[in-house]
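Student: Could you walk me through this structure? I am new to it and would like to go through it bit by bit.
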Amino acid sequence: MHWLVVGTGAVGSLMAVNLRRVGEHVSLKPRSATPHPIEIIHEAHTLQFNTQQLPINAPTQIFAAVKAYDVATFLEELKQSPLPDDSSIILSYNGMLDNESTIMPERALHWVTTHGAYRHNNEVVHAGVGESWLGWARVEHASSRRPTEVFNVLNNALPLLNWSPAIDQRRWQKLAINCLINPFTVLHNCRNGELLQHDITAQQQQVAEEICWLAEHKGIRLHAETLVESALTVIKNTARNYSSMLVDVQQQRRTEIDFLNGFVARQSLQAGKAAPANELLWHRVQELAN
Ligand code: KPL
């Protein structure tokens, strides 16, 4: 199979090296056009990847691990250069977009993961082994058959992969975990594990309750206590990590706060209920990030 990995951050790089490891043909689509191969170091080996931009002529599986704020632009670019039949588009990003249901292509799939990875210069480190879930992005396809070949290759490359007809449930859980950890690491300027030294449980509980209300409004059932407990487990399991949001702030990049707590605040208001705890975190991180 031909794969085009879009985004050379931690997740994209991790998937690229693992797809290559299981014998797949992998190219990378960097943000800006570069004619040179890209090198990724993994487990002390240097791997070279050719770069490719759209349009694509041969059937290709696209694995896009991009920032939430790049998703709409990328999907628009794809719309301008439709993919050949037998291609699929697998998306992996933090948070949610307000207009998601209107911009998801027919054959799009969401890939949600608990694997931990980070990039240091050209090197990608698989810091924590987790598992992943794959499911159709468009609700009307939720119960359609899984794309067996794509599923098997992804499962082989980075196990364990689960097929999920209810991928939105997973995405909401992940959204909640990120909303309950990432902004707090920015406000306290600390590693995930250092959050245990700060008294944030009451605030997290309110953030979680607001998320549960919105999720319920959209037909997804979550439990606030369980979310806060899961966040605590993730904090302990990733204690030495800097959250992706804190890294973005430190490197003066745009954060994904608009697509996490910002998404919850905006969507709740639109549904008729304020979400003050999420709104406060949204604005505080925006202030600190500018
Ligand atoms: O996904 C993460 C992130 O940093 O974005 C967590 C789970 C918080 C781990 O750092």
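Tutor: A word on naming before anything else: helices (H or I, at least four residues) and strands (E, at least two) are DSSP runs, numbered from the N terminus. Please also keep in mind that this is a predicted model.

Student: Is leucine 160 buried or exposed, and why?
Tutor: Leucine 160 is exposed, because 11 other C-beta atoms lie within 10 Å, and a residue counts as exposed if that number is 12 or fewer.

Student: How far is leucine 160 from proline 59?
Tutor: Their C-alpha atoms are separated by 25 Å, and the two residues are 101 residues apart along the chain.

Student: What about the peptide bond from leucine 54 to proline 55?
Tutor: That bond is cis as well, with omega near 0°, and proline 55 lies in the loop between strand E4 (45-49) and strand E5 (61-65).

Student: Switching topic, what surrounds the ligand?
Tutor: The residues around the ligand are Asn94, Ile177, Asn178, Ile181, Asn182, Asn192, Val234, Thr238, Asn241, Ser243 and Ser244. Sorted by class, this shell holds three nonpolar and eight polar residues, with no charged ones.

Student: Which helix gives the most to that shell?
Tutor: Helix H5 (residues 167-187) does, with four residues.

Student: And how does H5 meet helix H7?
Tutor: The axes of H5 and helix H7 (residues 224-237) come within 9 Å and cross at roughly 65°, and the crossing is right-handed. On the H5 side, the contact is made by Ala176, Ile177, Leu180 and Ile181, while H7 brings Leu227, Val228, Ser230, Ala231, Val234 and Ile235. The residues of this contact divide into nine nonpolar and one polar, with no charged ones.

Student: What can you say about the largest nonpolar core?
Tutor: The largest nonpolar core has 42 residues, and those with the most contacts inside it are Val5, Met15, Ala64 and Leu91. Helix H1 (residues 10-21) supplies the largest share of this core, seven residues. A second, separate core has 37 residues, including Ile211, Val249, Leu260 and Ala275. As general background, nonpolar side chains tend to be buried together in soluble globular proteins.

Student: Going back to alanine 64, what does it touch?
Tutor: Leaving aside residues up to four places away in sequence, alanine 64 touches Val6, Gly7, Phe74, Ile89, Ile90, Leu91 and Ser92.

Student: Last topic: what is the phi of glutamate 43?
Tutor: Glutamate 43 has a positive phi of about 45° although it is not a glycine, and it is found in the loop between strand E3 (38-42) and E4. Glutamate 43 counts as exposed because it has 11 C-beta neighbours inside 10 Å.

Student: And what about the phi of aspartate 86?
Tutor: The phi of aspartate 86 is near 65°, again a positive value in a residue other than glycine, and its place is in the loop between helix H2 (68-80) and strand E6 (88-92). With 14 C-beta neighbours inside 10 Å, aspartate 86 counts as partly exposed.

Terms used: Residues numbered from 1 in each chain as written. Predicted model: local features only at pLDDT ≥ 70, side-chain atom pairs only at ≥ 80, totals over all residues. Near = placed C-beta within 6 Å. Nonpolar A, V, L, I, M, F, W, Y, C, P; charged D, E, K, R; others polar. Axes fitted to C-alpha atoms, helices over the stretch in contact; angles between N-to-C directions. Left-handed = near helix turned anticlockwise from the far one by under 90°. Contact = placed C-beta atoms within 7 Å. Buried ≥ 20, exposed ≤ 12 C-beta atoms within 10 Å, placed from the backbone. Core = buried A, V, L, I, M, F, W, Y, C linked by C-beta atoms within 7 Å.
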